[in-house]
Amino acid sequence: MRIAVIGAGYVGLTTGSCLAALGHRVRCHDIDGGRLARLARLDLPLYEPGLEDLVRRGMADGSLQFCLGLEDALEAAEAVFLAVGTPALPDGEIDLSQIIASARAIAPRLARNAIVIVKSTVVPGTCRQLADLIARERGALDIRVASNPEFLREGAAVGDFMEPDRIVIGADDVQAAKVLEEIYAPLARRKVPVLSTSCDNAELVKYAANAFLALKIGFINDIAELCERIGGDVARVAEGIGLDRRIGPSCLTPGPGFGGSCFPKDTRAFAAVSRRAGAPQALIETLIRRNEERKAHLGRRILNEAALASGDTVAVLGLAFKAGTDDIREAAALTIIPMLQKAGIAVRAHDPMAMALARRHLADVRWCATPYEAAEKADALVILTEWDDYRGLDLARIADRMAGRMLFDYRNLLPPEAVTAAGLRCIGLGRPAAP
Ligand code: NAD
Ligand code: UGA
């Protein structure tokens, strides 16, 4: 099938290159010409394992093209995916301006009877709103708008797209549903479950799924705090509850509060739309507040437990919101580093992937090429991202360089005994502090 993808970020680029690999002819367009120019010379603007390979293969066999001109991208396209950003407004409501602008731009240029498919995460009712807008702009009713939410995780995007737990097709029209079924037929043949439903339901599935996963994380973080007070071990508790197949083991790892470009903004948008609809989501409202409090609480904990004073130094290992990505959006580091700085603490930081982006958002940080350089004369060290690189740290070498003894392992990455053996005091999450 001839497919156009509008927006070449994490989702658009993954969608475009994976659909090309599944046998479709795909043209990607982005409003950012610089991004397209980089893509055309295979210089990917984001880090995603396996993606560069797929893009290279698609470009080589001609199944994947990047088009500067919107007309080129849309030429004879039977299906057009919208994968532009849907960030949060300051009041938490969804900002639909990118998706509305892209719908307005494509409307007069769409091939007759093309299906527009909303891949971006949007509040229920958006597909209907876009269908009205496109009909008005074209002065015709030939275009159907469908919903096809995306469930991929950054850092695992290609695998998640090619082997999803399910594909959700939201269409209020038989023809639109058929087009989506045809697009995903190669995956359906591999026994991926396909849920066909209305646009509103599909849009709601996406928000409800993200909210539920975020609730699991918020829940285990609260259990971790309880464990710290009563002497439990959150890892054993998570294992014990996760073995119940009705609960499952995923999203039960405690951390410094969830971040990223999705859970924080999607829970806020979900709460806002629910409030507006007169069905406030009390669990989600509390979750959002608790998650922010957690980041600040863990920042204060460093200051208090290491008894830090103005002029001291903290080494921060890990800036990305999770391992496997260079994305720092809503990362715990963005709350904790400014907190430390406000208390007069000098920060030395390292991240294997995210330093280039972090430099744009954090000032007055000493950026270090290695974790060992970051540890130099540090009064305390904190791990914020669960990078594999940090699992294999030479702890004796770290301890040697540090001035203080406190290591805050906010990802429970290191065996506490190994930290203790290196002469450091390990403060993890949800387990008794090592001596
Ligand atoms: P992104 O910011 O990485 O990419 C969005 C792209 O859209 C940018 O390259 C931007 O230049 C482009 N764009 C904006 N307006 C445009 C326009 N009018 N025409 C053409 N291009 C335009 O965002 P993303 O992470 O890919 O997310 C996109 C959507 O997918 C969001 O709704 C997000 O919530 C959702 N989503 C993201 C993930 C994820 O892991 N990142 C997973 C599932 C769903
Ligand atoms: C998340 C969802 O997992 C995807 O299914 C969804 O498609 C995506 O949001 C989206 O809608 O955009 P992502 O943000 O890439 O994907 O990352 P996750 O792996 O889910 O992690 C999100 C945050 O939660 C990270 O800060 C991570 O460290 C934290 N987390 C995750 C935990 O603290 N504990 C866990 O057990 C899992």
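Tutor: Let's start at Arg329, which touches Gly259, Gly260, Ser261 and Phe321, leaving out residues up to four places away in sequence. Contact means that two C-beta atoms, placed from the backbone, lie within 7 Å. This is a predicted model, so local features need pLDDT of at least 70 and side-chain atom pairs count only at pLDDT 80 or more, while totals for chains, interfaces and linings use all residues. Residues are numbered from 1 along each chain as its sequence is written, with chains lettered from A and ligands numbered from 1 in the order in which they are written.

Student: Why is Asp30 called buried?

Tutor: Asp30 has 23 other C-beta atoms within 10 Å, so it qualifies as buried. Asp30 belongs to the loop between β2 (25-29) and α2 (33-40). Setting aside neighbours within four places in sequence, Asp30 is in contact with Gly7, Ala8, Arg35 and Leu36.

Student: And what puts Gly33 in the exposed class?

Tutor: Gly33, in helix α2, has 9 C-beta neighbours inside 10 Å, so it counts as exposed. Gly33 and Leu68 are 35 residues apart along the chain, with their C-alpha atoms 6.4 Å apart.

Student: How do you know that Asn221 is buried?

Tutor: The count for Asn221 is 25 other C-beta atoms within 10 Å, which means that the buried label applies. Asn221 lies in helix α10 and touches Pro254, Gly257 and Arg294, not counting residues up to four places away in sequence.

Student: Which residues of α8 are buried, and how do you know that they are on the same side of the helix?

Tutor: In α8 (residues 174-183), they are Ala176, Val179, Leu180 and Ile183. They cover an arc of only 95° around the axis, so they are on the same side of α8; the arc is that of the directions from the helix axis to the C-beta atoms. The opposite face of α8 carries the exposed residues Val174 and Gln175. Among the elements covering the buried residues of α8 are α1 and β4 (79-82).

Student: What does UniProt list under "binding site"?

Tutor: Its unreviewed entry gives Asp30, Arg35, Thr86, Thr121, Glu154, Lys265 and Arg329. They span 300 residues in sequence and the farthest two C-alpha atoms are 23.9 Å apart, so they do not all gather at one spot. UniProt positions follow the numbering used here, feature names are shortened, and annotations may be inferred rather than shown by experiment.

Student: Which residues come nearest to ligand 1?

Tutor: Of the 27 residues around ligand 1, these are Gly7, Gly9, Val11, Ser120 and Thr121. A residue is near a molecule or strand if its C-beta atom, placed from the backbone, lies within 6 Å of it. The largest share of this shell, four residues, comes from α5. By class, the shell around ligand 1 has 11 nonpolar, 11 polar and five charged residues. Ala, Val, Leu, Ile, Met, Phe, Trp, Tyr, Cys and Pro count as nonpolar, Asp, Glu, Lys and Arg as charged, and the others, Gly among them, as polar.

Student: How do you know that ligand 2 lies between the domains?

Tutor: Domain 1 (2-197) and domain 2 (213-435) both give residues to its shell, so ligand 2 lies between them. The bounds come from an automatic or database domain assignment. 21 residues surround ligand 2, the closest being Thr253, Gly255, Phe258, Gly260 and Cys262. α10 (199-230) and α12 (263-276) each supply at least two residues of that shell, and α10 gives the largest share, three.

Student: How many residues of each domain are in contact with the other?

Tutor: 13 residues of domain 1 are in contact with 15 of domain 2. The side of domain 1 that touches domain 2 has seven nonpolar, three polar and three charged residues. The centres of domain 1 and domain 2, taken over C-alpha atoms, are 33 Å apart.

Terms used: A residue is buried if 20 or more other C-beta atoms lie within 10 Å of its own, exposed if 12 or fewer, and partly exposed in between; C-beta atoms are placed from the backbone.
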